[in-house]
Amino acid sequence: MKKQVLLVVLLANFAASYAGVLTVSNQPGDGAQYSDLQTAINTANSGDTIYVHASNVNYNSGYNIAKKLTLIGAGFNPNKANQVTTKMDGSFSLNAGSSGTTIIGFYSTGCCNTFCVLNANGLHD
C-alpha cells in the first residue's frame, strides 16, 4: 500500500512539472484554443508556452504579462514576399512575476515601428 501511495505521489509531481501549451488565433475556425491573446495569457500557468498563429489580421492590443511565459509567434522573414506573419499593433508589458519571460517570432507594425516590450523601467526593444 505504501508503494502505491508513493507511486501516485511521484506521478502527480511528475505530471505537475510539465508546462502547458496553449494556442491562439484571431482567425475564426483556425483550430486554436483561444481567439484572444490576453485571455490565453491570463489563463496560462507560469512556465506555459503560448503559440500565436500567423494571421492577415493584426493582433491589436497591449498585452500585460505577470508570470513567466514563453510566447512564440510565426516569425518574420523580410526576404520572403507575401508571407503571413504574427503581426501586432501594440506592446507587451512585463509586470511583477514575469521575470524569465521569452517573446519571439512577432512582427510589430505599431510601437515605434519596432517590436516593443515595456516594463517598470521603461521601453525595451
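**Chatting through a predicted model**

Q: Let's start with a sheet. What is the strand order in the open sheet of three strands?
A: In this predicted model, the order is β3-β6-β9, and the pairing is parallel.

Q: Which strands stand at the edges there?
A: Those are β3 (59–60) and β9 (107–108). Each has a single partner strand, so one side of each is left without a neighbour in the sheet.

Q: How many bridges join β3 to β6?
A: Two bridges link β3 with β6, which covers residues 87–89, and the two strands run parallel.

Q: And which residue is the bridge partner of Tyr 59 in β6?
A: Tyr 59 has Met 88 as its bridge partner in β6.

Q: What do strands of a sheet pair through, by the way?
A: They pair through backbone hydrogen bonds, and the pairing can be parallel or antiparallel.

Q: Okay, zooming out. How many helices and strands does the chain have?
A: The chain has two helices and eleven strands. Reading from the N terminus, the elements go α-β-α-β-β-β-β-β-β-β-β-β-β.

Q: What share of the residues count as buried?
A: Of the chain's 125 residues, 30% are counted as buried.

Q: How many bridges do β1 and β2 pair over?
A: Four, in the parallel sense.

Q: What kind of unit do β1, α2 and β2 make?
A: Together they form a β-α-β unit, and it is right-handed.

Q: New topic: the largest nonpolar core. Which residues touch the most other members?
A: That core has 17 residues, and the ones touching the most other members are Leu 37, Ile 41, Ile 50, Leu 71 and Phe 92.

Q: Which elements give two or more residues to this core?
A: They are β1 (21–24), α2 (37–43), β2 (49–52) and β4 (63–65). The most comes from α2, which gives three residues.

Q: Let's pick Ile 50. What does Ile 50 touch?
A: Leaving out residues up to four places away in sequence, its contacts include Leu 22, Val 24, Leu 37, Ala 40 and Ile 41. Ile 50 also touches Ala 44, Leu 69, Thr 70, Leu 71 and Ile 72.

Q: Is Ser 98 buried or exposed?
A: Ser 98 is buried, because its relative accessible area is 7%, and the cut-off for buried is under 20%.

Q: So what does Ser 98 touch?
A: Not counting residues up to four places away in sequence, Ser 98 touches Ile 65, Ala 66, Lys 67 and Lys 68.

Notes. Residues numbered from 1 in each chain as written. Predicted model: local features only at pLDDT ≥ 70, side-chain atom pairs only at ≥ 80, totals over all residues. Heavy atoms only, no water. Buried < 20%, exposed > 50% of the residue type's maximum accessible area, 1.4 Å probe, protein only. Contact = heavy atoms within 4.5 Å. Pairing = 2+ DSSP bridges. Core = buried A, V, L, I, M, F, W, Y, C linked by side-chain atoms within 4.5 Å. Right-handed = clockwise from strand over helix to strand, strands pointing away.
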